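Me: I have a model open and would like to learn how to read its features. Could you walk me through them?

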Amino acid sequence: MPYTANKPEPATREELRARIPGWGVDLDPADRPSVPRERFDPNGTGAHWDFPDRQPEGDQPRERSIEHGMLPPVFGTSAPLHGVSGAIRRFAYDRFSEGRAAHWLLLIAGDRVDAWGAHLRSLATLRPDNPITETGVVSELRHGLTARVGRKRADVNHQWIDPILVAGPWVLVGLGAAAGVRALRRRQR
Amino acid sequence: MRAMVYRGPYKVRVEEKPKPRIEHPNDAIVRVQLGAICGSDLHLYHGMMPDTRVGTTFGHEFIGVVDEVGPSVQSLKVGDRVMVPANIYCGSCFYCTRGLYSNCHNVNPNATAVGALYGYSHTTGGYDGGQAEFVRVPFADVGPTIIPDWLDDEDAVMLTDALSTGYFGAQLGDITAGDTVVVFGAGPVGLYAAKSSWFMGAGRVIVIDHLDYRLEKARTFAHAETYNFTEYDDIVVHLKQITDWFGADVAIDAVGAEADGSFLQHVSSAKLKLQGGSPVALNWAIDSVRKGATVSVMGAYGPIFSAVKFGDAMNKGLTLRMNQAPMKRQWPRLFEHIQAGHLKPSDIVTHRIPLEHIAEGYHIFSSKLDDCIKPLVVVGER
Ligand SMILES: [Zn+2]
Ligand SMILES: [Zn+2]
């Protein structure tokens with residue numbers, strides 16, 4: 001106990017070596033590849049440049065953190081900014097540093113606008129969003145009960161929120177649309 | 001090409017997408033053969049990571065065949081079979097030249113606080129990932145490595161992130177001979193961290209989770225002593241009791257942003273996005289270790305603030321160590337351990353899901369159905 005000076009060893013090295021495959025192979029910190037944290041080795045990475053070639057920026061300026069002194073030479077080109085979500089995101093990048101909560105909360109808001117815009121736009125395509133197939137919820141039929149009943153899982157207390165988060169907005173939009181149609185009909189009568 | 005595409009929180013589908021092209025002289029295009037869904041992909045899937053855009057493809061754990069190379073690529077040629085580390089990095093910046101590949105400063109315009117990863121939102125650079133038939137691999141001379149003949153494909157995939165991260169997490173614990181190590185989370189990273197703790201000389205390895213089937217794997221795969229926290233009124237007190245009232249010498253948080261155990265913390269972060277992550281596991285780590293201990297954080301947290309018990313960490317004189325793992329830095333030594341038979345990484349794989357069924361794969365993994373521990377994604381024929 002910590003109330004006195006000594007602490008007993010849980011097991012001897014011989015016992016541990018006998019019981020655990022590979023016990024102690026990295027006991028010497030020199031064998032640990034990430035010790036020490038920084039090892040200066042500019043020739044060990046495979047890079048054959050002092051500074052990489054610059055990737056072309058494309059049609060619109062690439063959004064970047066205002067904590068960057070310049071646009072880094074290489075970047076991802078997936079899903080460029082567009083529409084309302086794009087405007088929200090660009091504002092978050094242009095106006096607020098990563099140190100500001102507003103930066104991240106605006107980006108999260110942009111994400112929700114993006115997802116809702118995409119859902120609505122998909123209704124006008126040959127492949128509208130399908131909440132059944134896209135959530136993979138069919139796997140519940142095969143595994144849902146056995147995975148939860150009689151187990152001591154701590155996540156069951158909040159999993160009921162997921163369907164509400166996913167389906168809730170669809171239900172609300174549906175109810176709203178139905179109410180709108182009913183109101184129109186009433187007015188026509 | 002066929003690719004997994006994000007459609008909004010909890011929704012993904014497979015659709016036709018243009019094949020990626022060479023955008024930089026040191027790019028390669030890799031035809032993916034085998035990928036995986038990572039626990040951290042679930043944070044994206046749940047809509048927790050800021051700037052996760054509809055239409056992006058996830059996946060930072062994959063292996064495949066080089067399909068095309070840019071004009072400055074020297075070390076790879078078309079047809080080479082490669083394993084690609086989850087980090088995208090330049091190899092020449094201040095950080096890369098010091099081995100901090102996960103902190104590269106030349107690959108992520110969107111944020112300076114994080115490096116770049118494949119398929120992990122625009123906050124990590126806006127690159128598409130490997131849950132697709134093809135993927136753009138920047139800095140082909142730096143990251144990808146030819147898969148050694150003796151290494152199984154499934155083991156190679158585990159090296160691209162989960163195994164390297166778990167092994168790195170144990171190193172950040174600065175374990176000395178005989179230390180008691182407690183690992184929070186018996187997912188892939190936690191299992192590998194527990195296993196690796198023995199390599200560094202741990203005298204006792206304890207794993208905490210709430211899923212019995214995963215704790216079973218922690219006992220068989222990682223030889224750990226396990227406790228299901230739902231069976232104890234207060235897991236912190238229990239950990240003190242079983243360590244002679246010291247607490248562990250080292251704790252490893254292998255849970256991250258969506259920790260269970262506190263309804264309020266979980267809902268405020270994972271559901272309402274008011275926190276960058278539910279720090280339940282991290283707070284248990286801080287409170288359950290002994291004074292002067294080291295806490296290694298491998299769990300992924302978002303960039304928004306989290307309610308961490310910093311006062312306790314300060315008063316106890318703890319050392320908090322953390323980083324995204326620089327994957328490739330771990331590989332030479334892990335190759336030796338796999339060849340020596342100290343571990344078989346693919347022992348924790350439970351599911352092999354065809355790309356076309358990936359939506360169900362995400363749901364099964366996210367909801368922990370069918371005793372899922374690690375799902376691989378099979379792309380095309382092997
Ligand atoms: Zn990962
Ligand atoms: Zn770099």
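Reply: Happy to! We can begin with burial: a residue is buried when its relative accessible area is under 20%, exposed when over 50%, and partly exposed in between, using a 1.4 Å probe and protein chains only. Please keep in mind that this is a predicted model, in which local features need pLDDT of at least 70, side-chain atom pairs count only at pLDDT 80 or more, and totals for chains, interfaces and linings use all residues. Residues are numbered from 1 along each chain as its sequence is written, chains are lettered from A and ligands numbered from 1 in the order in which they are written, and side-chain values use heavy atoms, with hydrogens and water left out.

Me: Is His223(B) buried, partly exposed or exposed?

Reply: His223(B) counts as partly exposed, because its relative accessible area is 23%. Its phi is near 55 degrees, a positive value in a residue other than glycine. His223(B) sits in the loop between H5 and E12 of chain B. Those labels come from DSSP runs, numbered from the N terminus: helices are H or I with at least four residues, strands are E with at least two.

Me: What are the contacts of Tyr227(B), leaving aside its neighbours within four places in sequence?

Reply: Tyr227(B) lies in strand E12 of chain B. With those neighbours left aside, the contacts of Tyr227(B) include Ile206(B), Ile208(B), Leu215(B), Tyr232(B) and His238(B). Tyr227(B) is buried, because its relative accessible area is 14%. For a sense of distance, the C-alpha atoms of Tyr227(B) and Gly126(B) are separated by 39 Å, and these residues are 101 apart along the chain.

Me: How do I judge the overall form of chain B, and what is its radius of gyration?

Reply: The radius of gyration is taken over C-alpha atoms, and the globule rule is 2.2 Å times the number of residues to the power 0.38. Chain B has 20 Å, which agrees with a compact globule of 382 residues, for which the value would be near 21 Å. Its C-alpha atoms fill a box of roughly 60 × 45 × 40 Å along the principal axes. Chain B has 11 helices and 17 strands, and 73% of its 382 residues are buried. Among its contacts between residues at least 6 apart in sequence, 72% join residues at least 24 apart.

Me: What radius of gyration does chain A have?

Reply: Chain A has 28 Å, whereas a compact globule of 189 residues would have a value near 16 Å. The C-alpha atoms of chain A fill a box of roughly 90 × 60 × 40 Å, taken along the principal axes. Of its 189 residues, 33% count as buried. Among contacts in chain A between residues at least 6 apart in sequence, 32% join residues at least 24 apart. Chain A has seven helices and zero strands.

Me: Where does UniProt place the "transmembrane region" of chain A?

Reply: The unreviewed UniProt entry places that feature at residues 164-184 of chain A. UniProt positions are given in the numbering used here, feature names are shortened, and annotations may be inferred rather than shown by experiment. In the model, residues 164-184 of chain A are 100% helix and 0% strand, with the end C-alpha atoms 29 Å apart.

Me: Which residues of chain A does a cis peptide bond join?

Reply: Omega is the angle to check: the cis bond joins Val35(A) and Pro36(A), with omega about -5 degrees. Pro36(A) is in the loop between helix H1 (13-19) and helix H2 (83-95) of chain A.

Methods
Contact = heavy atoms within 4.5 Å.
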